[in-house]
Amino acid sequence: MNANDLLIELRKFVLIKSGLRNIDPAHCKIISEYVFQETKNYVSETTIKRFFGFANTLHKFSLFTLNSLSQYIGYNDWDSFCKDKENQTTSVQSIWQDLKLKAHAITEISLIANKNNSGVPFNATANRSFFYPDFDYFLKNNYQFTTISAQPGQGKSILLAHMVEYFFLSENALYKNDIVLLVNSSSINTIIQNGETLKDWFLKEFKFGSLTELISFFKKNPEKREGRFIIIVDGIDEHLARSNYFKVFIDFLYSIEENNFVKLAFGLRTNSWINLQPAIYGSASLTKAWYTGLFYDEETLSNVPSLNVDEVLYTLSNIENKIINRADVSFPLLNQFKTPFWLQVYFKLKDENHHLELNNPLLRYELINYFLEKRVFLAKKSTEKVFLLKKISDSISEGNKKLRVSKEKILSYINCYPDAYEELLHAGIIIEEKRLSTAIPTEIVRFLNDDIYTYFLFIQLTDKFEYRPCKSFFEHILNSFPGRTSLRDYILNWAIRFCITRNEIAALKNIFRLPFTNSEKNSAFDFICYVSKYELGKPNSNFNKLSIGVDFIDIMATGRTMSNLYKETIKTISENVLNEDIQIMLHVIECNVNLIDVDKVALANTMQLLKRNYKRLNELFPINPYDLILYFYNNLVNKPNESKTLEDKIIKLCQEIDQSKPQKNEEITSAEILSYRLVLITLFSQKSYAECHRFIMAILSKYPNIFYVRYSVFSPFLLLHLGQTYIKLNYFKKAQRIIQFVDKIISSDYTYYTNFILASFSVFKANFYNATHNYEQALVETNIGLGITGKNDFKMFEIALLLSKIDTLKHTEESEEVSNVIKELLNFLTVHKLSMPDYSNLSSHEFEHTFKILKSYRRHQNL
């Protein structure tokens, strides 16, 4: 046995002694402790990692290390271990078996290196068994060599490791008699560091001067051959980039004699394959000997397809230690994970940060940021690399297929920093390809991932505006990137992340004030929620418990979406913010949410927190919101209300507003918006419709242009409330004009409205058509509204719409359908454990009696 064979044996027995079948880096600390307990010799965790191939080995292992590990498995020292193993080796071993033993030792080391470099625990990776029949066909047929070629990060090395185990090394391997020699960059680096040539190394290890010599020997002595000799070479792209090594490789291919028992497989990046192809196509014998494979794509020069959804979910399930389904992962992230490389980045990021969920859209941005931070911004020559990446992203024209640029166009930049460019290629951040569809084949350059391209577009944007996200910054996004495209969505999301990480929250208001589409505004609002929650949980974040201010409240108050994400964001931040005034305002928003959710328990809990600050509420708000919220709480729990005092406070506030000087829309505060909203729904619930109308007119007196605001949901809320009031006051023509006006502003794509507003609009229209005896249209609007509330969990509106539907159907001949909707309503209340508060009944006064019967029935059911 040579030294490598003996080390392989020692590794095997150390694993057996430690009770481990497989090993990963985390086990090395445990083994270090076991060795110390057994021998009282301290072998460090780092040394154990080097011993098992998890870290680079630049020198031989010390005798102390080898003695300690030998003693750990029961020998006196390393020498006695070696002698024992030598005695076990038979002296009459065949040449084939001797070759097999030598190859096995090298393959084991290479296999460990491949597994360690996967970035994800090897057992968690998909084995891609669909590829196996293709490789098996190559082994069984008259081909000399094949290539496993793909872009960086496509999982070539892991695929090769799985195939080596499946075909040759596992317990149930198909071809145990074959010799497999896996050589990778680690093996070749070791040879180079030892000052040997590949020829010297081959002669030393296998006792043949070259592979040609080995082939000739077994051709002359076929009886000595016991199978095939499979050589797999992986990860040599960096070496092939050098002309001297490239020539050695080409000469090697040409030197191989034709035979049917030596098979070669090369794992190569496509940019290496681009340079090799001409040499192979120039030789008829090499072309004939090359097996391209079923999956070879002439356009990309690759035969390793992206991961499919099942393979992605398999790996994620192993990483998360639970079953991950398609619905658990956001769609864009699922697509990103089809490149195995991003699963590695996710595994590393997850190890450092446990707060991001797979269904969180922010995760893909954090993955890109984390990867580029490690590979570019904190790497050597980072300034040169960032410069090159900016220039490449700037040179890529939008119309180009796959967002690529001719290498010729950026050659001057490459020539300035050739080393940095080569490192970017090797890191897989940028990719070179051949464009074969043109008259003259040209080299093109593109980013590994379109999202990386988008990131560097955004970086250029921040440079242009000197890292100040002002109004002009967002206007540039609006005017420079086409609307309704994923590119503008990505740029906007990077901008949101940029503003929140720098705690420049006021800048985000520009997204809602500028004419971005309503869809973009809603998506932006959600992304603000995602990023703010995440940043708040990060150590050393600029957006933190101390820094959250009124600008954040302004966004939360004017973008009331009532989604689960919104509720979670408000709750999370209210529980963590240290500024008491901000916390109080968040609690008021929480109470609003709880009222619409008809959640008595959550409302009571938040009200307790507000009650402690009753005096400060008087100072912060034009009317104490606690008094208004208490009115609704009593309504929810069927307690009587002392409404006279509250009415007096509302009348007084109405007079104060009415007497104010006219102000600009921008001057309305979040405290006012929250107060006015609560007052209006209180008056409506009290059936004080005339007072409700007076209050809206007072707001209009103070803010004459409030109905023309397109960046806040308060404006459509106010309009719809006025419309509902007109219906109750029998001003049907005025109510109809509001329907027409709201329809018009909603059809304007840049108006900001939410699903909550759409549901509210459906309730308003259903009530209008009921009041004007157009029951067929009322039913249509009710069903539209129920479709929205069902998808968005708007419980109060769900109840209101079901009540409206009962009211409508009572005026038709569908008496049986009335019973069905009543059952549907009662079932909804039972399933969600809800009461039926008075403020949910927005139907006509004729419906009051029916509502009381239904409510009474529901109460008796609860008893």
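Modeller: Helices (DSSP runs of H or I, at least four residues) and strands (runs of E, at least two) are numbered from the N terminus. By that count the chain has 43 helices and eight strands. The model is predicted, with pLDDT of at least 70 needed for local features and 80 or more for side-chain atom pairs, while totals for chains, interfaces and linings use all residues. Residues are numbered from 1 along each chain as its sequence is written, and side-chain values use heavy atoms, without hydrogens and water.

Colleague: What box do the C-alpha atoms of the chain fill, and how many of its residues count as buried?

Modeller: Taken along the principal axes, the box is roughly 110 × 65 × 55 Å. Buried means under 20% relative accessible area, exposed over 50%, and partly exposed in between (1.4 Å probe, protein chains only). Of the 863 residues, 54% count as buried.

Colleague: How many salt bridges does a search of the whole structure find?

Modeller: A salt bridge puts a side-chain nitrogen of Lys or Arg within 4 Å of a carboxyl oxygen of Asp or Glu. The search finds 37 salt bridges. In one of them, arginine 128 meets glutamate 311 at 3.1 Å, N to O. Arginine 128 sits in the loop between helix H6 (95-116) and helix H7 (132-140), and glutamate 311 in helix H16 (residues 309-320), so this pair ties together parts 183 residues apart in sequence. Both arginine 128 and glutamate 311 are buried.

Colleague: Which strands hold arginine 446 and glutamate 433?

Modeller: Their side chains form a salt bridge at 3.2 Å, N to O. Arginine 446 belongs to strand S8 (residues 442-447) and glutamate 433 to strand S7 (residues 430-435), 13 residues apart. Arginine 446 is buried at 13% relative accessibility, and glutamate 433 is buried at 5%.

Colleague: Is aspartate 581 buried or partly exposed?

Modeller: Aspartate 581 is partly exposed, at 24% relative accessibility. Its side chain meets that of arginine 616 in a salt bridge of 2.6 Å, N to O. The pair joins helix H30 (residues 580-596), which holds aspartate 581, to helix H32 (residues 614-620), which holds arginine 616, across 35 residues. Arginine 616 is partly exposed too, at 30%. Elsewhere, Lys567, Asp597, Asp793 and Lys795 are linked in a network of salt bridges.

Colleague: How many disulfides does a search of the whole structure find?

Modeller: A disulfide needs two cysteine sulfur atoms within 2.5 Å, and the search finds zero. For cysteine 470, the nearest cysteine sulfur belongs to cysteine 499, 9.8 Å away. Cysteine 470 is partly exposed, with 34% relative accessible area. For cysteine 591, the nearest cysteine sulfur is that of cysteine 529, at 18 Å. Cysteine 591 is buried, at 0% relative accessibility.

Colleague: What is phi of histidine 773, and what is phi of lysine 833?

Modeller: Most residues other than glycine have a negative phi. Histidine 773 has a positive phi, near 65°. Its place is the loop between helix H39 (755-771) and helix H40 (775-792), and it is exposed at 56% relative accessible area. Lysine 833 also has a positive phi, near 55°. Lysine 833 lies in the loop between H42, which spans residues 815-831, and helix H43 (848-862). At 73% relative accessibility, lysine 833 is exposed.

Colleague: Where is lysine 338 found?

Modeller: Lysine 338 is in the loop between helix H17 (331-336) and helix H18 (340-352). It is partly exposed, with a relative accessible area of 24%.
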